[in-house]
Every structure is written in structure tokens, then in C-alpha cells.
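Please consult the sequence and the structure shown here.

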Amino acid sequence: TVLDVRTSFGSGSKPYTPKDDNGYSDRRVTLKEAMAQSINVPAVKVLHLIGPQAAIRYARMMGIHSPLDPVPSLALGSSPVTPLEMASVYSTFAAGGNHPEPSAWTRMTDVQDTVLEDVPPAIETHVLQKETVAQLDDMLRAVVTEGTADKVGGMPPDARGKTGTTQDYRDAWFIGEVGAGGMVIGIWLGNDDGHATKGVTGSALPARLFREIAMEVR
């Protein structure tokens, strides 16, 4: 459990103080609840506990190659990454802790279905223990059943994932997994020029798009 109270990180004239739209609960919350409800303070506290460099090391092993600043706000997405990188990370969870390198295609054929090229199976690197993946799976499932994505309704019974909304509604995300085969679907909504959206949150349209695609591919 982590105490969800106003907390400042760093020293000097401008310490970093994360906050939520709904304020602080001023109580201890489990990491599962914090994940399900997108509570910010516990995320930053956990990053502070393990150290930003350790988090970055795992991010690299799971497919994030964009620059990552080792600061407390990294826990809340202050360093931009691509949708493909996020999908790559979640594929590690879907693969039971082994990270497969993404590929743009698996097979190329001509109009007669003659195989022109087969891409060999992705080389998987072991990153996370199965026990860790099981805990993450339980937490990501809670996002759909009792958390920020619960209000969407109609999610597949095997769906799990995470909503995300950046400051000033600039980015809205839903990244998740569905199906026995572990298909990962990543949804990002935003403006190409970086301007804020009109209040789009990850729990709204991105989660609904995930649901519609997931129901089609299951």
C-alpha cells in the first residue's frame, strides 16, 4: 500500500508535486487500486522508491527507445514515446514476461498467394518473472472491471489495459490486450502539432475504440 497524500519531490525553489483532478484521498491505497483509478501520487512514489534509472532500464528492455528523463514525473508520462513503443511494452506482458521485437509484417505474398517472404518468429528476451506478470495482469484487468475504463461498458471479458491522459488533454491513450493469443491493441488520440484536444480522456474515446476493435478481432 502507498499513502495517497500531497507529496513534494526534490528540493530547491520548484519541487515537483503531483496531483489528481479529484484531489488526494489522504489514505493508504493498494497499487492495484492506484492503477485501476489512475491515482498519480502512488505511481510517482513507487518510481521514487525503485529509482528512475531502474525504471528506464526496464523500459529499454521492453521496447522503449525514445529519450527518457530520469525525473519523478516520468512515472506519469512526462517523456513522450511512440504508440508502437507502448504497444511493444504491453506485448511483453501479453507474452508472459518475454519481450518480442516488433515487426511490420509476418508474411509477404503476391496476388496468387505465392509466398515471397516469411519473417522468422521474433526473438524474445526474458524481462519479467511470471509472478510479476500475473500481478500486472490482475492490476490491468482491474482498470477494465472497476477502474477508469469500467464506464465504457461492453468490454470483452478477457480485456485488460490502461487509460492515459496527459496534461492539458494533449494526449489520450488506451493500451491493452485481448484474447487467448494475447493480441495487443494500442490507441492514441491527439493533434499532430501537439495542441491540446477538446477534453479527450483515455477513458472515453480511446477506450471505446479499443472495445470496438477488440470485439472485431476476438
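This is a predicted model: local features need pLDDT of at least 70, side-chain atom pairs count only at pLDDT 80 or more; totals for chains, interfaces and linings use all residues.

Residues are numbered from 1 along each chain as its sequence is written, and side-chain values use heavy atoms, without hydrogens and water.

**Aromatic pairs.** Rings of Phe, Tyr and Trp (its six-membered ring) are paired if their centres lie within 6.5 Å; planes under 30 degrees apart are stacked, over 60 edge-to-face, and the rest tilted. The count by this rule is 2 aromatic pairs, tabulated here.

| Pair | Centre to centre | Angle between planes | Class |
|---|---|---|---|
| Tyrosine 90 and phenylalanine 93 | 5.1 Å | 65° | edge-to-face |
| Phenylalanine 174 and phenylalanine 210 | 4.6 Å | 50° | tilted |

The pair of phenylalanine 174, in strand β8 (residues 171–178), and phenylalanine 210, in helix α6 (residues 205–217), links distant parts of the chain, 36 residues apart. Helices (H or I, at least four residues) and strands (E, at least two) are DSSP runs numbered from the N terminus. Tyrosine 90 and phenylalanine 93, by contrast, both lie in helix α4, 3 residues apart, about one turn of the helix. Both tyrosine 90 and phenylalanine 93 are buried (under 20% relative accessible area, 1.4 Å probe, protein chains only), and phenylalanine 174 and phenylalanine 210 are both buried as well.

**Cavity.** On a 1 Å grid over the protein atoms alone, a cavity is a set of points where a 1.4 Å probe fits but cannot get out; a pocket is an open set with protein on both sides within 12 Å along at least five of seven lines; lining residues have an atom within 4 Å of a point. Grid points are joined across faces, edges and corners, and a volume is the space filled by probe spheres set on the points. The whole structure holds 1 cavity of 30 Å³ or more. The largest cavity has a volume of about 60 Å³, and its lining includes Tyr90 and Phe93. Helix α5 (130–146) gives the most to this lining, with 3 residues.

**Pocket.** The second largest pocket has a volume of about 320 Å³. Its lining comprises 14 residues, with Glu101, Pro102, Ser103, Thr106 and Ala122 nearest the centre. Helix α4 (residues 83–94) supplies the largest share of that lining, 4 residues.

**Helix α3.** Ala54, Ile56 and Ala59 are the buried residues of helix α3 (residues 52–61). Just after α3, glycine 63 takes a positive phi of about 110°.

How values were computed
Buried means under 20% relative accessible area, exposed over 50%, partly exposed in between (1.4 Å probe, protein chains only).
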